[in-house]
Amino acid sequence: MNLERLNSTKCFDGLQQQFAHQSEVLDCKMRFSIFLPQAAEVEKGHRFPAVYWLSGLTCTDENFSVKAGAQRAAAELGIALVIPDTSPRGGQVPDDPDFALGQGAGFYLNATQAPWSAHYRMYDYIVHELPALIERNFPVSGRRGIAGHSMGGHGALVIGLRNPQSYTSISVFSPISNPMACPWGEKAFNAYLGADRSSWKDYDAADLLRRAPGKLPVLVSQGESDPYLEEQLKPHALEAAAEASGYPLTMEYHAGYDHSYFFVSSFIEQHLRFHADYLLRNR
Ligand SMILES: N[C@@H](CCC(=O)N[C@@H](CS)C(=O)NCC(=O)O)C(=O)O
């Protein structure tokens, strides 16, 4: 396995690490970060359950690793954190000057349109290639929670709702909830998926929630002072969809918080404890 270790740093008795690898699905070199709780457990052959964290527009694997302050609670709970990049990367990968399209803005989908379709397959990367690689190479089990922020909140909802057998729980901050009906989503879906809007529905969390096959627990945290709330994020579409289908969605609004990682860092411990309730149950 082509796994190149770029960094390894002790943190809360565990290890915060960063790796590069050649992705077959994305056909480019990718980086990811991982936090592994304390080494003593590893020596006993223990495998940690994991929360996969999907970041938002403009992010790499480093934003969450450096800004969210998630490691203390993850170490205490015995949960690994797996933090991928947000798109394929590199000189041969198409890009766009708009920060909401191209590199840093993969939208966790499989693109069908040229020139994007050759590399932009983040859905398959997150659902299949990355967990297989993680579980082959690290003391991490197949018990997975999925979480994310903004575009990554969209990704976590879509991936969790479409693959309820692969995850125990979904939690998101400030998700792009109804990308078919917001400027960021419409521009990206037009480019990646083409003009036929019927092909967009399987990547729209609000649409999926109306017809979700499973009933994974979902926690949503949204800052009320988020400048993107009404135009881009549309959490009310998620609430309306959950109400229509009877989906047990926990939606929490927080007065005064904006869209930044200061908001994420304020509630990440609550999110990890939420996942721990399901990840650590009946093992
Ligand atoms: N840079 C964009 C906003 C992009 C943005 O807010 N990105 C969020 C996710 S959607 C983020 O996490 N940014 C990186 C960070 O705060 O570390 C703008 O100029 O409007």
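**Notes on the annotated site**

I started with histidine 259, which sits in the loop between strand E9 (249–254) and helix H10 (261–279). I kept in mind that this is a predicted model.

Then I listed the contacts of histidine 259, skipping residues up to four places away in sequence. I got Ser150, Ser174, Gly223, Asp226, Pro227 and Tyr228.

Two of those names sent me to the UniProt record. Its unreviewed entry has an "active site" annotation covering Ser150, Asp226 and His259. These residues are spread over 110 residues of sequence, yet they cluster in space, with a largest C-alpha distance of 10.8 Å.

I found it in the loop between strand E8 (218–223) and helix H8 (229–233). Aspartate 226 also counts as buried, because 21 C-beta neighbours lie inside 10 Å. Leaving out neighbours within four places in sequence, I have aspartate 226 in contact with Ser174, Leu233, Asp258 and His259. Ser174 is on the contact list of histidine 259 too.

Last stop was the ligand. Which residues are closest to it? I noted Gly56, Leu57, Thr58, Asn63 and Ser150, out of 13 residues that surround the ligand. Ser150 is one of the residues under the "active site" annotation. By class, I put the shell down as five nonpolar, seven polar and one charged.

Note on methods
Residues numbered from 1 in each chain as written. Predicted model: local features only at pLDDT ≥ 70, side-chain atom pairs only at ≥ 80, totals over all residues. Near = placed C-beta within 6 Å. Nonpolar A, V, L, I, M, F, W, Y, C, P; charged D, E, K, R; others polar. UniProt positions renumbered as here; feature names shortened; annotations may be inferred. Helix = DSSP H or I, 4+ residues; strand = E, 2+ residues; numbered from the N terminus. Buried ≥ 20, exposed ≤ 12 C-beta atoms within 10 Å, placed from the backbone. Contact = placed C-beta atoms within 7 Å.
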